[in-house]
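Let's take a quick tour of a protein model. Have a look at it first, then read on.

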Amino acid sequence: MSSTATRSRQPAFRCTECGWSSAKWVGRCGDCQAWGSVEESQPAIRPTASGTGSAVPIAEVDAQASAAVSSGLAEFDRVLGGGVVPGSVLLLAGEPGVGKSTLLLEVAASWARSGQRTLYVSAEESAAQVRLRADRTGGLDSSLYLAAETDLAGVLAHVEQVQPSLLVVDSVQAVGSTEVDGVPGGVTQVRDVAATLVQVAKRRSIATILVGHVTKDGTVAGPRVLEHLVDVVLTFDGEQSSRLRMIRATKNRHGPVDEVGCFDLAEDGIVEVPDPTGRFVSRHQSPVSGTCVTVTMEGRRPLLAEIQALVAPSPAGTPRRAVVGMEAARINMILAVLERRAGIRVGGSEVYVSTVGGARLTDPTADLAVAIAVASAVSNTVPPHRLVAMGEVGLAGEVRRVPSLSQRVGEAARLGFTHALVPSDLGPHPERHRPVSGITMLDVPELHAALRVLGLVSRSAQSAGNPE
């Protein structure tokens, strides 16, 4: 026996949490620092894969073989860059109960309705359970095949029998292989199962979607190599209190990674939401103080979001600061800028800031809208009803420029807004920001100027907030 084969048969010790390997057993992982996660594993010896043919000039390769095919869901295709590429492998990850299985059952049913054979493998639910969900969502079709299987060999046998053009495996952590040591869901098992399914997908040109679990911090469970093996990594998330679900691509070999798809998780299935803006803006019967609308970007899609603020006297010595849907540290920074640069006194008051409809805003463009909402709540003054505010607020009180301004203003004009409060600094190419018909642009250089334009701060308060 060769020395190479001898070394390959020597037992190795791997961390079941992150995949770190060691030549000897240790009580604590040297990478993720987890205790008791290092176990002995015997890697399987696999024959070397042979080539599929001779090399050819790149210009002679058939590009049509990798043309994207529509999944039947426009929002899903938007994130993928036009559709599903035959032979590609997609990994969809999300928290338990977010609707991953419901979404993929709808994708499989839509694919089957186009006359193409589809195989849905459920490794976590019985076939009867999946059938009940399909009855509820209207996902029954003669071209959709269903199998409940947890063994990799059984999955491959179903693929050989059905010959599908789309394969869905729910989930990759629940499928195990008898040829590899370890339990299903372990690092070695997940890596081997995923690698085998990728090889089958490439060899047979089968579009494959794998469902992946996530850890407590939101990352994909299993070895990091899992994300390297697949072509596309998708995340499916949403607040448990809201029916809105969003799908994003964190890796995409066939398209962009800055798109987002929106879905509504209803009782009778999942429905596409091509225009989700209205879900993040409330409808007030009369003007209300402490509110302001901004335009954020989810990928390349502009979305309007309403920010609400409430300022109340503090009954305790230490006033509360409660934030929902935004980063608390950034809200505290804006409150400090308001008090120091604009004379808006909030230090002794409780401040509550929240978004509408479960929106989560990480775009600093919302800074100006937050400041206006808080200032409006302090003075109990109602800002203009059809106004949107966009701008990043700096520590010196300046309002900084934002990207894709014309696209944001155009979306606000489409939804009936008449005024847009924007930064004076339009960047090195102001000619790119063309005027938008139907909306008036109000450019402001600093925060106190923006508040003065809206009548939310007096000149005396401005002087108090900017001592010489």
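In which strand is the place of Arg245? Arg245 sits in strand β10, residues 244-252 (strands are DSSP runs of E, at least two residues, numbered from the N terminus). Keep in mind that this is a predicted model, where local features need pLDDT of at least 70, side-chain atom pairs count only at pLDDT 80 or more, and totals for chains, interfaces and linings use all residues. Residues are numbered from 1 along each chain as its sequence is written, and side-chain values use heavy atoms, leaving out hydrogens and water.

**Arg245**
- Arg245 is buried (under 20% relative accessible area, with a 1.4 Å probe and protein chains only).
- Arg245 has no salt bridge (a side-chain nitrogen of Lys or Arg within 4 Å of a carboxyl oxygen of Asp or Glu).
- The nearest side chain of opposite charge to Arg245 is Asp264, 7.4 Å away.
- The Arg245 side chain does reach the backbone oxygen of Val98, at 2.8 Å.

**Cys15**
- Cys15 belongs to strand β1, residues 12-15.
- Cys15 counts as buried because its relative accessibility is 0%.
- Setting aside neighbours within four places in sequence, Cys15 is in contact (heavy atoms within 4.5 Å) with residues including Trp20, Cys29 and Cys32.
- Thr188 is 173 residues from Cys15 along the chain, yet their C-alpha atoms are 9.5 Å apart.

Conventions
Helix = DSSP H or I, 4+ residues; strand = E, 2+ residues; numbered from the N terminus. Buried < 20%, exposed > 50% of the residue type's maximum accessible area, 1.4 Å probe, protein only. Lys, Arg positive; Asp, Glu negative; His and termini not counted. Polar contact = N/O pair within 3.5 Å; in protein donor to acceptor, adjacent residues only side chain to side chain.
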